[in-house]
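Dear colleague,

Please find below the structure that I am handing over to you. My notes on what was found in it follow directly after it.

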Amino acid sequence: MIKKLLLVDLENKHKVDLSPLDESFRAIIFVGANQNPPKASTKPATAHRFSRVDFLKISGAGKNALDFHIAFELGRTFETAPDTQCFVLSGDKGFDPLLSHLNANGMTCLRVESIAELVSANVTPVGAPDVVVCPHCKKASTIEHHGGQWCSNCGRFATPPDPTLLPSNKKGYERQEWFKDEDNAFYSECCWCHQRTDMTGGIYDDGEWMCGGCIARYAR
């Protein structure tokens, strides 16, 4: 089943009912610094609407602060699970250029203005599937990656990957060399831009580096 991730701009869409979505969807609701999560999410009679949902409250206020958090989450999701279909629930058309850029680079993402756009006429709501909670950060922000469950919140595996699917176990794999310079920075080749650069602030996952510059570009 194709994984689908819904990113909700709660500053723009104040009332959200996710119960019509089927089990292929997971959602992250981005809550503004001056907002609180929907009260319905804590009431027994309506809590079912928010199964398979994580709430991410923005710590600082500022113009487009919440939008930047959504953009970062898009980049992190496509980095760890590029086959995921992402949807941004927002009336803010400012997301459209970013989503068009991601689609042009082989990704699948779309901005929608209502849950109805995600649900066909004959869809019947189904029960929530088993949710894998990350043992490290205690968040249910996990997605399938290399046969395991990767946490997009803390960047670690919640459940171990399949060793046979890891790049380091595939034929022809060569471990990259790390170079330590006089300034104590580590230098290696980024597997995205293929430049030898300082990997301080980069991401290292099973033999592959992503430099800080590429992380910033993906998160825009």
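In this predicted model, a search of the whole structure finds one aromatic pair (rings of Phe, Tyr and Trp, the last by its six-membered ring, pair if their centres lie within 6.5 Å; planes under 30 degrees apart count as stacked, over 60 as edge-to-face and the rest as tilted). The pair is tilted, because the planes of the Phe25 and Phe87 rings stand at 45°, with the ring centres 5.8 Å apart. Distant parts of the chain are linked by this pair: Phe25 belongs to strand E2 (residues 25-31) and Phe87 to strand E4 (residues 85-89), 62 residues apart. Helices (H or I, at least four residues) and strands (E, at least two) are DSSP runs, numbered from the N terminus. Both Phe25 and Phe87 are buried; buried means under 20% relative accessible area, exposed over 50%, and partly exposed in between, with a 1.4 Å probe and protein chains only.

A note on conventions: residues are numbered from 1 along each chain as its sequence is written, and side-chain values use heavy atoms, with hydrogens and water left out. As the model is predicted, local features need pLDDT of at least 70 and side-chain atom pairs count only at pLDDT 80 or more, while totals for chains, interfaces and linings use all residues.

Turning to the cysteines, the structure holds zero disulfides (a disulfide is a pair of cysteine sulfur atoms within 2.5 Å). For Cys86, the nearest cysteine sulfur is that of Cys109, 6.7 Å away. Cys86 counts as buried because its relative accessibility is 1%, whereas Cys137, at 21%, counts as partly exposed.

Asp67 is found in helix H1 (residues 65-80). Its relative accessible area is 14%, so Asp67 is buried. Setting aside neighbours within four places in sequence, Asp67 is in contact with Asp9, Asp92 and Phe95, where contact means heavy atoms within 4.5 Å.

Finally, there is an open sheet of three strands in the order E6-E7-E8, with antiparallel pairing; two strands pair if DSSP finds at least two bridges between them. Strand E6 (142-145) and strand E8 (157-159) are the edge strands, each pairing on one side only. Strand E6 is joined to strand E7 (residues 148-151) by four bridges, and these two strands run antiparallel. Within this pairing, Glu144 has Gln149 in E7 as its bridge partner.

Yours sincerely
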